[in-house]
Amino acid sequence: MTEADARDLDYWSFVELANRRLSSRYGDYHEQATEVLLTLNRASDIVTYDLEAAVHRPRGRSWSAYRLMFVTWLAGPIEPKVAAKLTGMSRAAVSNLAKPLVEAGLLARTPDPEDGRSVRLSLTEAGEREIVETFRAQNERETAWVDVLTEAEQQILVMLLNKLITRRSQFDMRDRN
């Protein structure tokens, strides 16, 4: 393939090319598994980028900051290690995200009443106002994304993704938490 040919690739023609080349170079490999996970990652990247660009960056926030505020809003007051688990981030990432949110007056860090060595994160009044407003915009964008699917298709997709997630213990899976 020439450089000019590579420029003409779109995502789907790349997946076809990848399958042909992997098949010719490695013979017996799990083509469908590669295609499923390439597509899953691509879909996740596209949706996440869109949400961040359309909803979060215009408000001066990131997708990660939204996730931390969203989890704190619904599950808080919350320990940073629990926030990390629920957001799928590392504890260090939660700590780094919390600092500017605390400085901006959106999050509060208070001593944990049960463990004096730990803290709890909670939303301030300003933080709650911001997350409610941001969630409305986020949810409108989420709805626009999933409206291409019927309600039954949405339920099937959630069921299939949950199956992938819950069955991961069948192999030596690495997990952030």
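Predicted model: local features only at pLDDT ≥ 70, side-chain atom pairs only at ≥ 80, totals over all residues.
1. Trp-63 is found in helix H4, where helices (H or I, at least four residues) and strands (E, at least two) are DSSP runs numbered from the N terminus. Leaving aside neighbours within four places in sequence, Trp-63 is in contact with Thr-48, Leu-51, Glu-52, His-56 and Gln-138; contact here means heavy atoms within 4.5 Å.

2. Residues are numbered from 1 along each chain as its sequence is written, and side-chain values use heavy atoms, with hydrogens and water left out.

3. Helix packing. Helix H4 (residues 63–75) packs with helix H6 (residues 91–103) at an angle of about 85°, their axes being 10 Å apart. The axes are lines fitted to C-alpha atoms, for helices over the stretch in contact, and angles run from 0 to 180 degrees between N-to-C directions. H4 is therefore roughly perpendicular to H6, given that angles under 35 degrees count as roughly parallel, over 145 as roughly antiparallel, 65 to 115 as roughly perpendicular and the rest as oblique. On the H4 side the contact is made by Ser-64, Ala-65, Leu-68 and Met-69, and on the H6 side by Val-94, Leu-97, Ala-98 and Leu-101.

4. The peptide bond from Gly-76 to Pro-77 is cis, with omega near -5°. Pro-77 is found in the loop between H4 and helix H5 (80–87). Which residues does Ser-122 touch, not counting residues up to four places away in sequence? They are Thr-72, Pro-77, Leu-106, Leu-107 and Ala-108. Ser-122 itself lies in strand S2 (residues 119–123). Ser-122 is buried because its relative accessible area is 19%; buried means under 20% relative accessible area, exposed over 50% and partly exposed in between (1.4 Å probe, protein chains only). From C-alpha to C-alpha, Trp-63 and Ser-122 are 18 Å apart in space, and they are 59 residues apart in sequence.

5. Arg-59 forms a salt bridge with Glu-133, the closest N and O atoms being 3.8 Å apart. Arg-59 lies in the loop between H3 and H4 and Glu-133 in helix H7, so the pair ties together parts 74 residues apart in sequence. Arg-59 is partly exposed, with a relative accessible area of 31%, and Glu-133 is partly exposed at 47%.

6. Asp-112 forms a salt bridge with Arg-120, in which the closest N and O atoms are 3.1 Å apart. Asp-112 is buried, with a relative accessible area of 5%, and Arg-120 counts as buried at 18% relative accessibility. Salt bridges that share partners join Asp-112, Glu-114 and Arg-120 into one network.

7. The nonpolar patch. Val-36, Leu-37, Leu-40, Leu-157, Leu-161, Leu-164 and Ile-165 make a nonpolar surface patch of about 550 Å². Patches are made of residues with over 30% relative accessible area and no salt bridge; like charges are joined within 9 Å and nonpolar side chains (Val, Leu, Ile, Met, Phe, Trp, Tyr) within 5 Å. Accessible areas come from the Shrake-Rupley method with a 1.4 Å probe, and for residues only the protein chains shown count as cover. Helix H3 (31–56) and helix H8 (151–166) each supply at least two residues of the patch, and the largest share, four residues, comes from H8. Ile-165 is found in helix H8 and is partly exposed, with a relative accessible area of 46%.

8. Phe-14 and Ile-165. Phe-14 lies in helix H2 (residues 11–26) and is partly exposed, with a relative accessible area of 37%. The C-alpha atoms of Phe-14 and Ile-165 are separated by 26 Å, the two residues being 151 residues apart along the chain.

How values were computed. Salt bridge = Lys/Arg side-chain N within 4 Å of Asp/Glu carboxyl O.
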